[in-house]
Amino acid sequence: MLQIAVTGKPNVGKSSFFNSATLSEVEVANYPFTTIDANKAIGFVTATCPCKELDVTCNPRNSECWDGLRKIPIELIDVAGLVPGAHEGKGLGNKFLDDLRQARALIHVIDASGGTDEEGRPCSLGEHDPLDDVDFLHTEVSMWVYSILERNWQRLIRKIMSEHLSFANVIADQLSGTGVFLEDVLEAERIMDNNYDKWEKEDIVRFLDKLLSIAKPIIIVANKVDTPTAKENIKRLSEKYDKVIPASAESELALINAKKAGLIEYNSGDDHFTIIDESKLSHKQLQALNYIQANVLDVYGSTGIQKTINTAIYDVLNQIVVYPVEDEHKYSDQKGNILPDALLVKKGSNPRDLAYCVHTDIGEGFTHAIDARKNMRISSEQELKQGDIISIISNK
């Protein structure tokens, strides 16, 4: 299962984001270091389920379907708050960074209001520049990985040069515990010269900046969008960085709780909600719901929580959702479950890749595949598309 880390400095709404994205109950409090240990929970990326299009009733096994909206699970890790100098042991130190090891992408929650200082202490709205927080996370993660390489750098380079070894292979092996893969190193290496023995600290850091942008890309969540100082900061953030998503984690939590209480109809990611029975709402509750609609949903189109996860999976990690079936006529598995599984696979994957995702034995015995929508055999090298329904034929 794909793992994504939710990170950032203390007191920016990070745990609120995590709660609303996973419907869990991580402690939320208005002081730094509320989250001491990494919390893990299941969130969901959403996709259009083919059940409506095909006019069938699906029986999901590895996911859920809510009226034609397929919800595919991913794992979110709520990492304890970072502070500048964490790689040097400040705050709770490298424990924060170690929690990022298995994540394939980082969701960086920042306070778009500028109402928390660099260490997460409350300050006047607009007093702190949230752009500084983005830079510090990049720096902390880069220096964390730099500290791993630096202690053995000269020895590694001598070994590479004297034994004519592959730079990428050696570095990938050295960083294997950080979740960096060989293909990540190979891509990052392209921007550098191969005079590795002449690299200075600045060269190593530049290489690592590129490597981490590939191995652990970052989505910026500009939280607290309903505050008066947020709009201008979001504009500045969007002008400087890619993948900036305005969000209000507290609004999402409020809407989820109202839905649980049977007060509204609402799906995460929607630009509106429907009040079921206004007579059941107190004046304060109605005011709060109207405020969210006017200041969050009408302005930004959603609370940003589901949009963040979908952006991370589809746009940053380049995944697509494919539906493997055994019976291409009934769109079912051997037990008759219709559209039973929704699998996340890398964009550019083909039917043979999908077969291995289902099971190694099926991949090894792969013979051909059928596009269930067209009831047509397709090439084993054909690129799969979002929402494809594929029957895999295997001799195992």
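## Asn375

Asn375 is partly exposed, with a relative accessible area of 45%; this places the residue between the 20% and 50% cut-offs. The structure described here is a predicted model.

Asn375 sits in the loop that runs between strand E12 (366–371) and strand E13 (376–378). Its phi is positive, about 50 degrees, although Asn375 is not a glycine. Most residues other than glycine have a negative phi.

## Asn11

A positive phi also belongs to Asn11, where the angle is near 65 degrees in a residue other than glycine. Asn11 is found in the loop between strand E1 (3–7) and helix H1 (14–22).

Is Asn11 buried or exposed? Asn11 counts as buried because its relative accessibility is 16%, and buried means under 20%.

## The largest pocket

Rolling a probe the size of a water molecule over the atoms shows where empty space is left. The largest pocket holds about 580 Å³ of space. Its lining is made up of 22 residues, and the closest to the pocket centre are Leu2, Arg104, Leu317, Gln319 and Lys346. Two or more lining residues come from each of these elements: strand E4 (69–78), helix H7 (182–189), helix H8 (201–215) and strand E11 (343–346).

What kinds of residues form the lining of the largest pocket? The lining divides into 13 nonpolar, 4 polar and 5 charged residues. Arg104 and Lys346, among the residues closest to the centre, count as charged. Leu2 and Leu317, also in that group, count as nonpolar, while Gln319 counts as polar.

Conventions: Residues are numbered from 1 along each chain as its sequence is written. This is a predicted model: local features need pLDDT of at least 70, side-chain atom pairs count only at pLDDT 80 or more; totals for chains, interfaces and linings use all residues. Side-chain values use heavy atoms; hydrogens and water are left out. On a 1 Å grid over the protein atoms alone, a cavity is a set of points where a 1.4 Å probe fits but cannot get out, and a pocket is an open set with protein on both sides within 12 Å along at least five of seven lines; lining residues have an atom within 4 Å of a point. Grid points are joined across faces, edges and corners, and a volume is the space filled by probe spheres set on the points. Helices (H or I, at least four residues) and strands (E, at least two) are DSSP runs, numbered from the N terminus. Buried means under 20% relative accessible area, exposed over 50%, partly exposed in between (1.4 Å probe, protein chains only).
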